[in-house]
Amino acid sequence: MHVPDGFIDAPVSAVAGVIAAAGIAVSLRGSRRELDDLTAPLAGLTAAFVFAAQMLNFPVAGGTSGHLLGGALAAILVGPFTGVLVVSVVLAVQALIFADGGLTALGVNITIMAVVTAAVGYGVFRLLVRVLPRSRPSATAAAFVAALVSVPASALSFVAFYAVGGTTDVPLSTVVPAMLGVHVLIGLGEALITALTVSSVLAVRPDLVHGARGLSEPLRLVVNEPRRPEEAAS
Amino acid sequence: MSLRRLLALGVLVAAVLAGIVSYYASSHPDGLERVAEDKGFNAEEKDHALGDSPLADYGVKGVADERASVGLSGIIGVGVVLVAGTGLFWMLRGRPDGGGEPAEPAGKTRA
């Protein structure tokens, strides 16, 4: 989904830059509440993992590929604000060192691939976790759906920039269905990778999954309970 | 699993994915590239300003072997992102119980 230079005109790219900067500023503030001595290194690792996963283009229909965007995954693992920053770090490194994603398009890319995916992904995830029974399979299913939805949402946010600042005159009635169709397919890949990763971390350290912290609390109570009589006896 | 062990395992997984598995990734255009090409909204696309940089397009300039070139660029990328990300998030972290407020001046610690 990395937008190259020249798809979106200069004024709208500048507006996107302002939106991205605002998103990062809000996330820098919000992330302080999410990050501590345990989660800070985990967030760094999440960024490295998202970078690695983004190199792995998987085939979807008809000579087309897709790769993980990672915003939903990062938001679920380390929190929505930190999630925005995780993907932003990846996008900045890709644009500056790997010539992937245009420099003038960096604002567009951060907006559609970091801000939108983390916000939509986390929103859907929390909503589902609230209505589903409290369990690890529920959290995994919620991660799947959240990631699936985040990709077409990102594609639509690209279309929104294209609608106001596209450098070509291809009608939206052509762009929207084509972008949505292929990105629903890519979203399935995103959903699989996200669900697999979230369920793996839930299996070993559920307390470290930001979006599922409520799940690990009952466990702690059960673990602590038998100790009480011993303490009283000693 | 200890956090240290989880982190080590995670870094290993990321390094294997970027350093080895990446060679087998699909080289077809991604969803946006494909749609832009098919529908023609890439007509004004410009080459990347840093397209000649030593790691452009996930290869190491001067490394002829494709497998080594992609893998090495992936490992370098994982390293750069890991260091930059961990550094940033370590600076941003609040105190474990501090509700996100920046570290308070000394003297409030229990004595």
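**View 1. Chain B reads α-α-α along its sequence.** The model is predicted. Three helices and zero strands make up the count of secondary-structure elements in chain B. Of its 111 residues, 33% are buried. Among contacts in chain B with a separation of 6 or more, 40% join residues 24 or more positions apart.

**View 2. The surface of chain B.** Chain B exposes about 7000 Å². Carbon and sulfur atoms supply 57% of that area.

**View 3. A nonpolar surface patch brings together residues of chains A and B.** The patch covers about 840 Å². V204(A) contributes from chain A. From chain B come M1(B), L9(B), L12(B), V13(B), V16(B), I20(B), V21(B), Y23(B) and Y24(B). Helix α1 of chain B, residues 3-19, gives the largest share, with four residues.

**View 4. V13(B) lies in helix α1 of chain B.** The relative accessibility of V13(B) is 37%, so this residue counts as partly exposed. V13(B) is one of the residues that form the nonpolar patch.

**View 5. Negative charge gathers in a patch on the surface of chain B.** The patch consists of E33(B), E37(B), E45(B) and D47(B).

**View 6. E37(B) sits in helix α2 of chain B.** This helix spans residues 31-39. E37(B) has a relative accessible area of 49%, so it is partly exposed. E37(B) belongs to the negative patch, together with E33(B), E45(B) and D47(B).

Methods. Residues are numbered from 1 along each chain as its sequence is written. Chains are lettered from A and ligands numbered from 1 in the order in which they are written. This is a predicted model: local features need pLDDT of at least 70, side-chain atom pairs count only at pLDDT 80 or more; totals for chains, interfaces and linings use all residues. Side-chain values use heavy atoms; hydrogens and water are left out. Patches are made of residues with over 30% relative accessible area and no salt bridge: like charges are joined within 9 Å, nonpolar side chains (Val, Leu, Ile, Met, Phe, Trp, Tyr) within 5 Å. Accessible areas come from the Shrake-Rupley method with a 1.4 Å probe; for residues, only the protein chains shown count as cover. A salt bridge is a side-chain nitrogen of Lys or Arg within 4 Å of a carboxyl oxygen of Asp or Glu. Lys and Arg count as positive and Asp and Glu as negative; His and the chain ends are not counted. The place of a charge is taken as NZ of Lys, CZ of Arg, CG of Asp or CD of Glu. Helices (H or I, at least four residues) and strands (E, at least two) are DSSP runs, numbered from the N terminus. Buried means under 20% relative accessible area, exposed over 50%, partly exposed in between (1.4 Å probe, protein chains only). Contact means heavy atoms within 4.5 Å.
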